[in-house]
Amino acid sequence: MSGILDTVNQRTQLVGQNRLELLTFRLMRKQRYGINVFKVKEVLQCPKLTSMPNLHPLVKGVAHIRGQTISVIDMSLATGGLPITDPENRFIIISEFNRSTQGFLVGSVERIVNMHWEAILPPPEGTGKSNYLTAVTEIEGELVEILDVEKILNEISPVNEAISDEVLAQKPVFEEGGEEANIVLVADDSSVARRQVKRAVETIGYEVMLAHDGRDALIKLQELAQEGSIYDKIALVISDIEMPEMDGYTLTTEIKKDPNLKDLHVVLHSSLSGVFNEAMVKRVGADAFIPKFDPDELSAAVINAVKGQE
C-alpha cells in the first residue's frame, strides 16, 4: 500500500469539478468506510506502537514515522466497535486534519475510488446525533460510510473555542433597526464544525444561518435573493470544502456566476491541508481560505471581511 498515494498531486484537477477520490477501508466489522484522498498523507503497515502514560482510551499508542511522533487512533473502538487487538497485522492511514497529523488504525485498506460529490449523500434520517457519520455513498452495490473524523478528534482532544479579548475588542456594534447585513451563512456537513463556527460567529455579534452542505447553502441563498437584494441580509458565507452533494469549491463557483449572488464574500474553511488550496481558492473565486479551526483566526477573518466591504 506504500505507493497507493504517490500520484495524489496529479488528482487536483478533480477539485472544482464536484468530484473527489475516496480511499476505502474496513475496520473490524464488515462495514466499508471511505476517506477523502486529499486528507491522506500515507498508508502503511502499522509499525510498532509505544504506549505512554495518560493516553486517551481511543489512542492505541504513538508511532515514530519519518522523524515525527504520531498518535494512532483505534478507529474501530472510536466508532463504538471492538478494539483492534492485533495492530501489527493492520494498517494505519496517516492523515492531516485541522492542522494536526495523526494515524488512524484500521483493519484493512482497499483501493481508491473516483466519485462525484452528488453521489455522496447525508446520513439517513434516524441515525441520531450520537453517530459518527458525516455522509454515505454506494460503491458496487455496497453502502460506504464516511466518518465524521472531526467529531472523533474533538472527543480525544477538544479544541479551545474561546475568542481572545483582542479580537473581541474589534467586533462591530450593530444599531438596533440598522440596515447593515448581519447574517453569516455557514455551510458544513460536520455537526461539530457547525457548532464551533456558529459559536464563534455569534460571539462577535452576527446571526448565523446554517446549511448542511453546498447544495443546501446555494438553495437558501437563491431563495433569499428572490426576496430582495441578498447583500441587505447576508454579510458573508463561510463554507467547508468537503460536503455531500455539492462541495465548497462548486458552491463558490455557483455563487460567483450567479448575477444575484456574485458579490458575496466567500470564505472557505476546511480541514483539508496542502498547497493546492491556495490555487483552488483563486480558481473558483473565493475571497479567502482559512484552515480549521482557530476561533481567533476565523473571527478576525469575519470582522475584516465585513469591514472591507463597507
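Q: What counts as a helix and what counts as a strand?
A: Both are DSSP runs numbered from the N terminus: helices are H or I over at least four residues, and strands are E over at least two. Asn54, for instance, is found in the loop between strands β3 (40-45) and β4 (59-65). The model is predicted, so local features need pLDDT of at least 70 and side-chain atom pairs count only at pLDDT 80 or more, while totals for chains, interfaces and linings use all residues. Residues are numbered from 1 along each chain as its sequence is written, and side-chain values use heavy atoms, with hydrogens and water left out.

Q: Is Asn54 buried, partly exposed or exposed, and what is its relative accessibility?
A: Buried means under 20% relative accessible area, exposed means over 50%, and partly exposed lies in between (1.4 Å probe, protein chains only). Asn54 has 82% relative accessibility, so it counts as exposed. Its phi is near 65°, a positive value in a residue other than glycine.

Q: Where is Glu245, and what is its phi?
A: Glu245 is found in the loop between β13 and α6. Phi of Glu245 is near 70°, again positive in a residue other than glycine. With a relative accessible area of 22%, Glu245 is partly exposed.

Q: How many residues of strand β14 are buried?
A: Five of the five residues of β14 (residues 266-270) are buried, so the strand is largely enclosed by the rest of the structure. Val266, Leu268 and Ser270 lie on one side and Val267 and His269 on the other, and both faces are covered.

Q: Which strands pair with β14?
A: Two strands pair if DSSP finds at least two bridges between them. Three bridges join β14 to β13 (residues 234-239), and these two strands run parallel. On that side, Val267 of β14 stands opposite Ile238. Four bridges link β14 to β15 (residues 288-291), also in the parallel sense. There, Val267 stands opposite Ala288 of β15.

Q: What handedness does the unit of β13, helix α6 and β14 have?
A: A crossover is right-handed if, with the strands pointing away from the viewer, the path from the first strand over the helix to the second runs clockwise. The β-α-β unit made by β13, α6 (residues 248-257) and β14 is right-handed. So is the unit made by β11, helix α4 (residues 191-203) and β12.

Q: How many bridges join β11 to β12, and how many pair β11 with β13?
A: β11 (residues 183-187) is joined to β12 (residues 207-211) by five bridges, and the two run parallel. In this pairing, Ala187 has Ala211 of β12 as its bridge partner. β11 also pairs with β13 in the parallel sense, over five bridges. In β13, Ile238 is the bridge partner of Val186. Ile238 is also the residue that stands opposite Val267 in β14.

Q: Which residues of β11 point each way, and are they buried or exposed?
A: Ile183, Leu185 and Ala187 point one way, Val184 and Val186 point the other way, and all are buried. β11 is thus mostly covered, with five of its five residues buried.

Q: How many residues are in the largest nonpolar core?
A: A nonpolar core is a set of buried Ala, Val, Leu, Ile, Met, Phe, Trp, Tyr and Cys residues joined through side-chain atoms within 4.5 Å. The largest has 28 residues, and those with the most contacts inside it are Leu23, Phe25, Ile93 and Phe104. Helix α2 (residues 149-156) gives the most to this core, with four residues. A second, separate core has 26 residues, including Ile183, Leu185, Leu224 and Ala286.

Q: Which residues form the aromatic pair?
A: Rings of Phe, Tyr and Trp (its six-membered ring) pair if their centres lie within 6.5 Å; planes under 30 degrees apart count as stacked, over 60 as edge-to-face and the rest as tilted. A search of the whole structure finds one aromatic pair. Phe25 and Tyr33 form this pair, which is stacked, at 5.7 Å centre to centre with 20° between the planes. Phe25 and Tyr33 are both buried.
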